[in-house]
Amino acid sequence: MKPVRTHSGLIAALAGAAVAAACVTINVYFPAAAAEKAADRIIDDVWSAAPKAPATTPEAAPSPQSALPAAQHVALAVLDWLVPPAQAQQQPNLDLSSPEISRLKTQMENRYADLKPLFDAGTVGLTQDGYVAVRDPNAVPLASRNTVRTLVANENADRAALYREIATANGQPQWESQIRGVFAQRWIAKAQPGWWYQAAGGQWQRK
Amino acid sequence: MAIACALLLAGGPAAAVERIELSVGRIDGPGLQLRELRADWQPGTGAGVQARVVLPAPLAAPATVRLRCARLEIGDETSCLHGEARLDAGAALQLRASGDLRWQGPERWRLQLAALQATLGYSSADGRIASEALRLDANGSALQDRAGRRAQIELRASSGQAYVEPLFLDLGQHPLHLSASLRQAPGGVRVTLATLSLTLGGIGSATLAGALDPAAPAQHHRLDVRAELTSLATAAELFARPWLAGTRIDDLQAGGGATLAATVVDAQPQRAELQLRAAAFGSDKLGGRVDGVEADLHWRADGTPPPSQLAWTSGAIGALPLGAARAALQLRPRGLALLDTLQIPILDGGLRVFTLGLDGLGGSALSADFDATLDPIDLAALCRAFGWPEFGGQIGGRLPGLRLRDRELRFDGQLRAQAFDGELTVDALRVLDPLGVLPRVSADLAIRRLDLAQLTGAFSFGRIEGRLDGDVRGLRLLGWQPVAMDAHLYTTPGDRSRHRISQRAIDNISSIGGGPSGVLSRGALRFFEDFAYDRIGWRCRLDDGVCRMDGIGPAKDGRGYVLVKGRLLPRIDVVGYNRDVAWATFLAQLKSVAQANAAQVQVK
């Protein structure tokens, strides 16, 4: 009887350890798809804040969407609500509603009016790590080189804070670098043609 | 070294040499490449050398060099008199120099540089260093004899622009004048900088003296600097702000003058003395400034310097004016400590700082210790300064230990203040990222036994008598605006004082809650000036711009919540129905009530 008891005790201990281990290990996987969507929402907001080009006439402006009857919109919204996409059920959205995020976004929206001409001219480009950098300093007159430098430094300070705040707002501070990585790709993907960005190897490329 | 040359001697076979010409196709040496070298000598017209070179880095530009001596005398002493040198590297560098060289050997020579003009238009590939049409004028001399080498140079730059990241200087606006004299003992390598004086127009001047010994086993470079800044305003704009880009004080403004004396050994500062005269510093982004700053600061890399003094005549933190103050400080290698109690008048009260210690300045491990008391300040004056509705009472209290670690300012204990005969305590006060892009404040507040009569007295909200308690948990401020909190205000439990609420206060409470106003003034109740109440209670859970409201408890109808519970007859209950109110709307309503009633107060 005695060896049997020892044996069963061992099994119980092993089972207990296994259960304990199973309980302790919690893997929270980085929701890459949700992060991408979140990044797109922020990027759209920040980069749509540009002052309207004076060349755009009001006749050319109406978008096909606003031509849709309102009822259809409502119906679609109801449909979306009744039958949510399967993906949305499985993958939680990243929370972007923290006041810190809104504030950073507003600061970046305001700065975009100054940054856009520099993106257009290729003076400033998008880096592979989610920031902006002066690509061609020699294209800037000496007297305004520090203005550009300050603009880039402020934008990068806001971007760094934004990545940190999104991770913090979602209770996963360790996601910061992954969020930055996702943003890095999305900034570049959403950049306008003619803007410069850093390819994976670090060399500058024109979109 | 590869040399390809052709020598041509012209002249009759028996006659003296009339002309010598030398052509060398190319000379390649370490760091130097010469192409198409041509030298010629004629007894009448002097001698000349001409070549194409590629200038060494960082200029790295192709150039032509021409050297010409109007009179070349060869003998015991070889001298090139009325010499002229020209270098043409296009827009990168144009150089023209004239002078005399007398040469008796490498141990005895003398160069007199009568005039040198250079125009520099350099731009490094990475754009960090650049100049545009930078014009330099110089003259000087250098000689070597038994006493060693000596050189003296005078240099002026009065037009063009220079950029050395992050500093930009327009020399047209701030002309530079530099004069230097250097000495080197015979056989030695130790260079002594006898004097170097530098004047930057409109900013100030500096003199440097020192010694440089590249051969010493432990390099021993010593430099004494003495700078006189006549305009701190310009110095801050040109030299300080570029370094502060991306921080919250990148709009630093300064004024007044300063004198700095410092000793630097092996690029490490050893001691510094700084005097500020009628100086001023301010930053709009940070929301602070000090004026009339007089300072006498002494710092040592090791050892104890004499005590330092710092005083100012006025200042401000945000809208809060600060009075004149004087501090006695002891500077440490990477920090400072307060030697004596520092008294800073604020309105009719003030801040008395007993402990102030800073360590790890300039590093990421910056830490601070702080202990102070706030002598009572008249709240009405404080509210006027901030443009708030005027409250009566005083605010005072103790500011306990404060620590700054990891971009977070944390108060160790409780912050206590007395106002409206009650007590306010602030717990877990933290300021995150105080100098960063996103400064935030978080705290828990507790209010005990606030006298509502005093609070509502100056505030034109309507009169309420009684005592109020409150708890505000998880308060978060962003840009001084609350963005999250769980606030609960309620009548002090067990309070035996008189509980009365005026008609106007009831009216205002109901109109802020979105209810009708003036209900009481229309019916029979209009004859009552005020009413007795049992309890008041209001709760707001603020999150994401929406305030979720509640009161003492649910109303009888089950839909609303009770804000004011009446007592005796005529009994008035105030019931709120709006649960979710946009915080901005709520504030706007509160403000409009305060403004609308301000007129009524004057009529009365």
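**View 1. Chain A as a whole.** Among contacts in chain A between residues at least 6 apart in sequence, 67% join residues at least 24 apart. The model is predicted. Chain A holds 7 helices and 4 strands. Their order along the sequence is α-α-α-α-α-β-β-α-α-β-β. Chain A has 207 residues, and 27% of them count as buried.

**View 2. Length of helix α5 of chain A.** Helix α5 covers residues 99-121 of chain A, 23 residues in total. At 1.5 Å a residue the helix should span 33 Å, and this agrees with its end C-alpha atoms, which are 33 Å apart.

**View 3. The bend and the end of α5(A).** At A:Ala113 the helix α5(A) bends by about 50°. A proline, A:Pro117, follows within four residues. After α5(A) comes A:Gly122, with a positive phi near 80°.

**View 4. Buried residues of α5(A) and their partners.** The buried residues are A:Pro99, A:Glu100, A:Ile101, A:Arg103, A:Leu104, A:Lys105, A:Met108, A:Leu115, A:Leu118 and A:Phe119. Within chain A, the buried residues of α5(A) pack against α2 (32-47), β1 (124-126) and α6 (145-169). In chain B, they pack against β34 (467-478) and β35 (481-491).

**View 5. Where chain A touches chain B.** Here 19 residues of chain A are in contact with 20 residues of chain B. On the chain A side, α5 and α6 are the elements that give two or more residues. α6(A) gives the most, with 10 residues. The chain A side divides into 8 nonpolar, 6 polar and 5 charged residues.

Conventions. Residues numbered from 1 in each chain as written. Chains lettered and ligands numbered in written order. Predicted model: local features only at pLDDT ≥ 70, side-chain atom pairs only at ≥ 80, totals over all residues. Expected span 1.5 Å × (residues − 1). Bend = angle between axes of the 7 residues up to and from the residue. Buried ≥ 20, exposed ≤ 12 C-beta atoms within 10 Å, placed from the backbone. Contact = placed C-beta atoms within 7 Å. Nonpolar A, V, L, I, M, F, W, Y, C, P; charged D, E, K, R; others polar.
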